[in-house]
Amino acid sequence: MASSPELPAEDEQISWGIDDLHISLQAEQEDTQKKAFTCWVNSQLARHTSPSVISDLFTDIKKGHVLLDLLEVLSGQQLPRDKGSNTFQCRINIEHALTFLRNQSIKLINIHVTDIIDGNPSIILGLIWTIILHFHIEKLAQTLPCSYNQPSLDDVSVVDSSPTSSPPAKKCSKVQARWQMSAKKALLLWAQEQCATYESVNVTDFKSSWRNGMAFLAIIHALRPDLIDMKSVKQRSNKDNLREAFRIAERELKIPRLLEPEDAWRSSVLYRIYMPGTVSYASYL
């Protein structure tokens, strides 16, 4: 008689289940980031001299001119480009874009032209996040009151230690990394100050603190008290609060909606979504 197939051990079944859950969560996070970043890119492209709209971030970014248009809007510079849309010209334009970013002293770790042409999701999301961090979050942090974004004494000593010559590359990268952390901290401090007078709102990070929508509503109320009735906030569900915050921000403050309430409420990778959103609110000032 043929022997019956062996069933996998119980611990192996559990392992498979955990792996499946991990893959599912990873796909959900990727999809949510993709939606949010697509909305953010479109909000920037709308400001270009030749406005355009993308529908699929992973596919449309392969057209090098999209990346160049985005960087022109954010930098205010006109960048070199090849006209045309064949694969060779797309590659050249993507290279132009990456070269521009490197010339801005932006670190592009494991980001190559081939990855973008291939539509590699994690690489493209990482690239867009790097652009958001540099041109949107760090730039805004510099405009916030100095109490939010003062560099640490260590930063000052590293920068000023050699006034007549450029500091070593390693020190420069450390300063840049510290400033990026400072920019995030400055934005978080700003959000905390806007929400400080609301007892039921506690902002400690760019993750779970935003999932119930109350922080967004509190910031809108701090900016425009006439738009929000904070007494009704506690009586609504998290999704309803998010929906109300995004609706009012879009309609009254002209802040583009980066994601849907359902995505914000269930997403487990939130900082890449909520930080650009918070920047938009801070930019309203």
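**Helix α11 and other sites**

Guide: Helix α11 covers residues 238–252, and its 15 residues should span 21 Å at 1.5 Å a residue; the C-alpha atoms at its ends are 21 Å apart, which agrees. The expected span is 1.5 Å times one less than the number of residues, and helices are DSSP runs (H or I, at least four residues), as strands are runs of E of at least two, numbered from the N terminus. The model is predicted, so local features need pLDDT of at least 70 and side-chain atom pairs count only at pLDDT 80 or more, whereas totals for chains, interfaces and linings use all residues. Residues are numbered from 1 along each chain as its sequence is written, and side-chain values use heavy atoms, with hydrogens and water left out.

The buried residues of α11 are Asn241, Leu242, Ala245, Phe246, Ile248 and Ala249. Viewed down the axis of α11, these buried residues fall within an arc of 165 degrees, so they line one face of the helix. Here buried means under 20% relative accessible area, exposed over 50%, and partly exposed in between (1.4 Å probe, protein chains only); the arc is taken from the directions that run from the helix axis to the C-beta atoms.

After α11 comes Lys254, with a positive phi near 60 degrees. Lys254 lies in the loop between α11 and α12 (261–266) and counts as exposed, at 65% relative accessibility. As background, most residues other than glycine have a negative phi. A further non-glycine residue with a positive phi, about 55 degrees, is Asn110. Asn110 belongs to the loop between α4 (87–103) and α5, and at 54% relative accessibility it counts as exposed.

Residues up to four places away in sequence aside, Asp115 touches Asn110, Asn120 and Ile123; contact means heavy atoms within 4.5 Å. Asp115 is buried yet forms no salt bridge, and the nearest side chain of opposite charge is that of Arg102, 8.9 Å away.

The twelve residues of α3 should span 16 Å at 1.5 Å a residue, and its end C-alpha atoms are 17 Å apart, which agrees. Ten of the twelve residues of α3 are buried, so that the helix is mostly covered; among them are Asp69 and Glu72. Asp69 and Arg81 meet in a salt bridge of 2.9 Å, N to O. This pair links distant parts of the chain, twelve residues apart: Asp69 is in α3, and Arg81 is in the loop between α3 and α4. Asp69 is buried at 7% relative accessibility, whereas Arg81 is partly exposed, with a relative accessible area of 31%. Arg81 also meets Glu72 in a salt bridge, at 3.2 Å, N to O, and Glu72 is buried with a relative accessible area of 13%. Through shared partners, these salt bridges join Asp69, Glu72 and Arg81 into one network.

Directly after α3, Gly76 takes a positive phi of about 75 degrees. Gly76 is exposed, with a relative accessible area of 68%. Its C-alpha lies 9.7 Å from that of His48, although Gly76 and His48 are 28 residues apart in sequence.

Ser209 is buried, with a relative accessible area of 10%, and its side chain reaches the backbone nitrogen of Thr204 at 3.0 Å. A polar contact is a pair of N or O atoms within 3.5 Å; within protein, one must be able to donate a hydrogen and the other to accept it, and residues adjacent in sequence count only if both atoms are side-chain atoms. Beyond its neighbours within four places in sequence, Ser209 is in contact with Asn202, Val203, Thr204 and Ala215.

For the chain overall, the secondary structure comes to 13 helices and zero strands, and 45% of its 285 residues count as buried.

Terms used: Lys, Arg positive; Asp, Glu negative; His and termini not counted. Salt bridge = Lys/Arg side-chain N within 4 Å of Asp/Glu carboxyl O.
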